[in-house]
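Dear colleague,

I am passing on the structure below, and my notes on what was found in it follow. Please read them with the model open beside you.

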Amino acid sequence: MSRETLPAVVVGAGAAGLMAAIAAARAGEPVLVLEGKEDGGRKILISGGGRCNVLPSALAPGRFQSESSPHLVRRMLEAWPLVAQRRFFEEELGLPLVLEAETGKLFPASNRARDVRDRLVEGARQAGAEFRFRERVLDLLPAGDGSWTVQLAEGGLRASRVIVATGGLSVPATGSDGVGLAIARRLGHTIHETYPALTPLTADPPVHAALAGVSLTVEVSAGRGRARLASRGGMVFTHHGYSGPAILDLSHVAVRSRLAGTPVELLVNWAPDLDAAEWESLLTERSARGVLTVLRDRLPARLAERLLEEVGVPEGCQLSQLPRAARRALVQRLTAYVLPWTGDEGYRKAEVTGGGVALEELHPATLESRRHPGLFFCGEILDAFGPIGGHNFSWAWSTGRTAGLAGKTKEAGPEARLS
């Protein structure tokens with residue numbers, strides 16, 4: 001193990017880790033970033049279908065999920081205002097962002113996620129941070145003098161402070177193996193139960209496999225009583241089940257209910273601009289117009305045909321021929337369709353990890369551990385996640401910057417400089 005004590009070590013070169021490295025290095029603190037993969041920011045590279053939804057057009061702190069205090073979530077999220085985050089990317093990293101009006105998402109003008117990752121790495125290096133790739137951290141041990149021992153696969157090093165930005169468990173192919181969560185738990189931190197969040201749902205058997213590829217805007221609701229949540233947005237049928245923002249944003253309710261052994265009912269309104277009374281009015285018209293035609297005017301053709309089939313209405317049925325019982329059954333399926341989900345795609349396809357390090361055990365202004373001075377956490381490892389649409393990147397940027405800025409600028413002697 002190296003005898004030198006490095007001022008700051010960032011564990012993980014994902015979104016939060018890269019931002020922490022930039023903030024710390026720009027504040028004058030020598031920084032070493034340790035990353036287990038051969039490069040960093042792999043989740044950045046695959047986000048948004050390779051486009052990277054850098055930021056939302058507006059923050060929604062109230063839509064973040066956490067077992068910790070909502071006040072703490074808001075405080076940590078808003079520590080770096082959205083307008084300042086956008087200015088950083090556009091003016092300081094030279095990465096223009098373009099608003100996609102229909103979704104409210106901000107993407108790089110190049111539409112290349114790689115540009116986002118590369119600019120962040122370049123920004124960290126230009127600020128003075130150094131990187132060691134293929135360097136897996138196995139454990140963190142507090143030393144008696146207030147510094148930290150960083151145990152590596154081969155040897156180790158010492159650091160005055162350590163910023164843990166290892167992510168959670170989602171998309172393990174990117175390097176998210178939960179090591180940071182395990183380290184935090186060994187160090188006595190409370191870890192709220194983790195689970196895959198923003199993940200597609202599955203159906204076994206896949207009763208809607210024939211509709212794979214069909215997409216539309218829907219409203220999905222889930223939960224029970226006052227705790228019932230709703231999400232409006234895109235939905236797509238897959239060969240195994242259901243995906244799209246409306247499904248992903250509520251998947252945590254389904255996932256947690258299944259883990260608890262009490263799966264919730266998911267209800268879908270296939271045309272959220274129409275309620276049951278409006279459908280009743282459309283379908284009670286006494287004319288020779290086809291029922292299928294009315295549905296196709298507002299729904300994808302394959303879905304319209306499937307709904308008619310489920311209620312036993314022939315495709316050639318005219319409105320004047322539609323029996324009352326069939327009409328009511330059809331309206332029910334149109335406005336409150338019980339989605340036959342049975343499971344989920346798990347961490348393999350989850351956008352984020354639910355649960356994580358309890359926020360109450362960190363100083364909110366610095367994200368330093370209340371249990372262990374010199375230990376900081378940021379990003380997905382923390383117990384908070386937001387909806388689809390750039391909110392989780394905003395969380396990573398904000399918490400990463402907070403943890404990065406927390407260290408005091410030090411004049412490092414030759415023995416402490418990174419090489």
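Within H4 itself (residues 82–92), Leu 82, Ala 84, Gln 85, Phe 88 and Phe 89 are buried, where buried means under 20% relative accessible area, exposed over 50% and partly exposed in between, with a 1.4 Å probe and protein chains only. Among the elements that cover these buried residues are helix H1 (15–26), strand S4 (97–100) and helix H13 (391–405); helices (H or I, at least four residues) and strands (E, at least two) are DSSP runs numbered from the N terminus.

This is a predicted model, in which local features need pLDDT of at least 70 and side-chain atom pairs count only at pLDDT 80 or more, while totals for chains, interfaces and linings use all residues. Residues are numbered from 1 along each chain as its sequence is written, and side-chain values use heavy atoms, with hydrogens and water left out. The mean pLDDT (the predictor's confidence in each residue, from 0 to 100) of the protein chain is 94, and 96% of its residues reach 70 or more, although pLDDT stays under 50 over residues 409–419.

Ser 257 lies in helix H8 (residues 251–259) and counts as buried because its relative accessibility is 7%. Beyond its neighbours within four places in sequence, Ser 257 is in contact (heavy atoms within 4.5 Å) with Thr 262, Pro 263, Val 264 and Trp 341.

Best regards
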